[in-house]
Amino acid sequence: MELNVIRAERTLSLLTNTYLANTDSVKASVALVLDTVLSQNLFDYVGAVGVTVETTKRYESAVHKWIARVSSLLVGKSSESRMAGILLVKHTTLQSPPIFVENAPKWITSLLNMLGKADIAAVHAAALQLLLVFLDIVREVPELEREIAGTQVLRMNQAVLALADKNPELVDTALELLMYSASWFPKPFRSSIDKTETLCLRLLNGSMARTNGTTCKRAANCLASLPLVGGKVTVEERWFQYVLQTVGTIEICIDHIMCAETPATNVETRQSMPGMPAFADDFIVSIPQAADRIASMTELVVALLSRPVDVDVPIPVDGLVAVASKLALVHVRVASSKSNRAEFGLVPLLAPQIQRAAIRIMAVLAIALGDFMHPFLSAVARAMTAINTRHLVSATTQVALYSLVQLYVERYGYGFVICLPKELIASAISDLNVQSKRQVSATAGSALSASLSSKKRGGRSRAAEIADSEGASNMLQIQYTDVVYSALKTVLALLKHTPTVLNSSLRAQIDGQVLTLLMLEMVGGLSSPAASCSSDARYQVALCQCLEASIMSPDPWQKAVVPHAVSVFSAGLGNPSVAVRDACSAALANIEPIIHARLPAQLRAPETEKDVEQEYAVPKAILDGQVSLGAGLDGSAFAEPSEKQRLSAEKLHEQEVEEDERGVEANTKRFKNFSVQPASTRSISKENLQLQQPPSASAASPPVRVLPAPAVPAAVSAQSETSMFAPSKPATLSANPVSTPIAAKQQDSNEDEDEDEDDDIPDIVMEGSDSEDE
């Protein structure tokens, strides 16, 4: 940081002592000085921290010398020195506002003195711009606002008004400064409100509508900011009065164009802007003058509705919609009139200007009012239809009309489109027609037909004719215009917001025209006249967006355009324009789910820390054998049971333990009874061998497998010992659930082979000695 401060101090000293020391050489060196100040940020280190005291003192000394030098240039004797001083003070202020805060009173006084003296227009314009920069900083500093706003702002307003009256070249800059002064410092501006209103109305009388449209816009914005000043008339009253006077002035101009007398009932109620000059006696001058005044008053309507107001104001929506409808119907009323007045011959010349005024009023109503325009959508749609007259509308008016339709479709959707006549939609689609936009050589068709008849000829002649036909096809020229682009944007808005309004024939026409244009661009290549230039990139982007919107909002009877669209978008990825490549890439990404449909990803709630720990604990518990696979997958092994579930589990466990104890006791008792019997009594005949379940066992429990104790060797015969280890035949369950008869093993091998081994018999095996009947 200290090195940067040292470098800035040395540079400032060099500039001040070398390039700005001599007043005569300032004009030649001011560009170098400004470039150095802007590129190296020499005033960024005012009040820097982390710098030694000695370095800070040297830097502050260099800054002080710089301020003293530019202040002397500001009050110099020559215009060149004053211009150099204005530029240096401006960039010093923009780079370091604390420096301006310290020197604000001195610099503002110097500028106001400069405005009061005769000087060249460039110096006065630069001084006005510097004053605007000062006001922007002063309104954010309370100390300066109290010190300067009381006296200096009032003096500045008077000086600016006087300068605007003397020098018409400075009117634009003066109007901008007055507009911000009225918005930022309303109280000091109240004494200048009448003069400012007179200045603005003088510029809005229609005399400068054609020659200088920028001045009319700034005058309208300045006049629209005057209601914010307040005073004896409140903000609401002054604003509403301006709107009524503007509407009344437009209606008077319409009546003059139509050569209609104003009804006596409307003369008293209709208001008009004060100070407007009367129309000329010659209609050749007065009718264009009325049209220019309509354009100027339209700028005022736009400014009043678009500039922010701190309070709620009443808006006469019905009056504004009515005057817009009247403007849209002027040429229709003239065309349907049976009068042979010579004045009506001028109306077709002025119709585009009057129609654009109506379009601007309807557009600003939609932007400013929003949903409050719903009751007036049908009237707006009728006015649009009246403007869309083919034999009178101009290309500029058609572009403005399509932009207006796009705005209303995007804001109001079906609520507006159901009121819009189908003729206007069909007009927008017909402007996409390729046939009227291309020129084909007259020999192209004959060459193509001749190539078909030359199939039986030699290869060289057929190749030559094909080459001729290709040369003729290269004569295709696509001429994009602003009307085509605005029509594309309108169709795109319809496809996005109200696709069901377009019937199948219109959808087929749109798809056909869009695909034709895109394929001609794709097939043409860079060497063909049909290839797009760099200026045609916005048209290609609009075409790709229309095709994508048509695919994303399909019609039930729409032809399959997805394969063609994929080819077009894939080819567009190699377009030299970045905007076209981005549009094609986005379109391919959007239609990918249509080509390869799949279920959307399921949303999950954000996992807590406990869930994450359990997720990592489940696989480890399964691998260690602590938890079964099913319990680990469904998470039941790690779930915390409730109190009710815990009591039920304990009760069930106790019941299972009791049943197991009763079963063990019963089996032990039966085993003892069986083992104490002699061997002779344990030899049971095959017909009566049955296994009795213990009386304590339930009827639903399965038969118990009992292993008898080994017999006493002395009491067992050879035959019974042999039969003890012989395989026994599977038993057959009887209908009795208590006892299961077990058939003894058959001695005859032939009978064993006849048994059906595939019978559905439970696998019940009893081990014991099966002795023969003695």
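**Helix pairs, one by one**

Analyst: α18 and α19 are roughly antiparallel to each other, because angles over 145 degrees count as such. The two axes cross at roughly 155° and come within 11 Å. Keep in mind that this is a predicted model. Helix α18 covers residues 347–369, and helix α19 covers residues 377–387. The crossing of α18 past α19 is left-handed. Which residues make the contact? From α18 come Gln355, Ala358, Ile359 and Met362. From α19 come Val380, Ala383 and Ile387. By class, six residues of this contact are nonpolar, one is polar and none is charged.

Now take α25 and α27. Helix α25 spans residues 482–497, and helix α27 spans residues 537–552. Their axes lie 9 Å apart, at an angle of about 25°. Angles under 35 degrees count as roughly parallel, so α25 and α27 are roughly parallel to each other. Their crossing is left-handed. On the α25 side, the contact uses Asp482, Tyr485, Leu488, Lys489, Leu492, Leu495 and Lys496. On the α27 side, the contact uses Arg538, Tyr539, Ala542, Leu543, Gln545, Cys546, Ala549 and Ser550. The classes here are nine nonpolar, two polar and four charged residues. Among the charged ones are Asp482 and Arg538.

Next come α2 and α4. Helix α2 runs over residues 26–40, and helix α4 over residues 79–95. The angle between them is about 5°, and the axes are 10 Å apart. α2 and α4 are therefore roughly parallel to each other. In α2, the contact residues are Val26, Lys27, Val30, Val33, Leu34, Val37 and Leu38. They meet Glu80, Ala84, Leu87, Leu88, His91 and Gln95 in α4. This contact divides into nine nonpolar, two polar and two charged residues.

Which helices each supply at least two residues of its lining? They are α6 (121–138) and α8 (152–166). The lining consists of Ile108, Leu131, Phe134, Leu135, Ile148, Gln152, Val153 and Met156. Seven of these lining residues are nonpolar, one is polar and none is charged.

Key: Residues numbered from 1 in each chain as written. Predicted model: local features only at pLDDT ≥ 70, side-chain atom pairs only at ≥ 80, totals over all residues. Heavy atoms only, no water. 1 Å grid on protein atoms, 1.4 Å probe; cavity = no way out; pocket = protein on both sides within 12 Å on 5 of 7 lines; lining within 4 Å. Helix = DSSP H or I, 4+ residues; strand = E, 2+ residues; numbered from the N terminus. Axes fitted to C-alpha atoms, helices over the stretch in contact; angles between N-to-C directions. Parallel < 35°, antiparallel > 145°, perpendicular 65-115°, else oblique. Left-handed = near helix turned anticlockwise from the far one by under 90°. Contact = heavy atoms within 4.5 Å.
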